Amino acid sequence: MLRTLSLPEQVLGEEEVRRLSDVRPDRWYPIGWLIDLMEKLDERVGYYGLLRMGRMVFSLSHEKRVLATASSARDIIWGIDAMYHHANRGVSIGGWKVLRFEPGYAELEKNTPHHCIVAQGILKAGLSAMGTPSLVAQTTCFRLGGEVCVYTVTSVIADERWMGKGQ
């Protein structure tokens, strides 16, 4: 989170920055703390700050491992739930479900506690890493009263970079 912000002390406060500077990537922390931090980020820097955080989370937590095995947008779309569960532990923590997948288009459902826009940034970063930049939009949001978040993903790329080889 600190790498997401230019002036983290001004956005999160000095005490929170001190706590975050002690975070170690190989340890686990209460999800409530992360959710509270995302709420602060939402209030203080808004949509683009959360989107940037999502891209940074992909870069730091998933990119190296995912790029070793993924070769198309299909791998990202169908693998987003595995990415989520690789980085988050516990029971009843929600997940991702692919509702529809076709050339240049996908619909996904998310019922995790993480901020929707951060998740959107993670998904966008994963798709860009596959060479398939995409528009990721929410049609339903749990933060706005929906039961789950539903995302649509569209791309002008619908060849094997999207569908995978042999599809």
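Here's a quick tour of this protein, from its overall build down to one lysine. Keep in mind that the model is predicted. The protein has 6 helices and 4 strands, and its radius of gyration of 16 Å is close to the 15 Å that the globule rule gives for 167 residues, so it's as compact as a globular protein of that length.

**Overall build**
- The C-alpha trace spans about 50 × 35 × 30 Å along its principal axes.
- If you take the contacts with a separation of 6 or more, 58% of them link residues 24 or more positions apart.

- Out of 167 residues, 43% count as buried.

**Charges**
- You'll find 20 positive and 19 negative side chains in the protein.
- The centres of those two sets lie 4 Å apart.

**Zooming in on Lys-124**
- Look for Lys-124 in helix H5, which covers residues 116-129.
- Lys-124 has 22% relative accessibility; buried means under 20% and exposed means over 50%, so this residue counts as partly exposed.
- Leaving out residues up to four places away in sequence, Lys-124 touches Leu-51, Ser-134 and Val-136.
- Met-56 is 68 residues away from Lys-124 along the chain, yet their C-alpha atoms are separated by 11 Å.

Methods
Residues numbered from 1 in each chain as written. Predicted model: local features only at pLDDT ≥ 70, side-chain atom pairs only at ≥ 80, totals over all residues. Heavy atoms only, no water. Helix = DSSP H or I, 4+ residues; strand = E, 2+ residues; numbered from the N terminus. Rg over C-alpha atoms; globule rule 2.2 N^0.38 Å. Buried < 20%, exposed > 50% of the residue type's maximum accessible area, 1.4 Å probe, protein only. Contact = heavy atoms within 4.5 Å. Lys, Arg positive; Asp, Glu negative; His and termini not counted. Charge placed at Lys NZ, Arg CZ, Asp CG, Glu CD.
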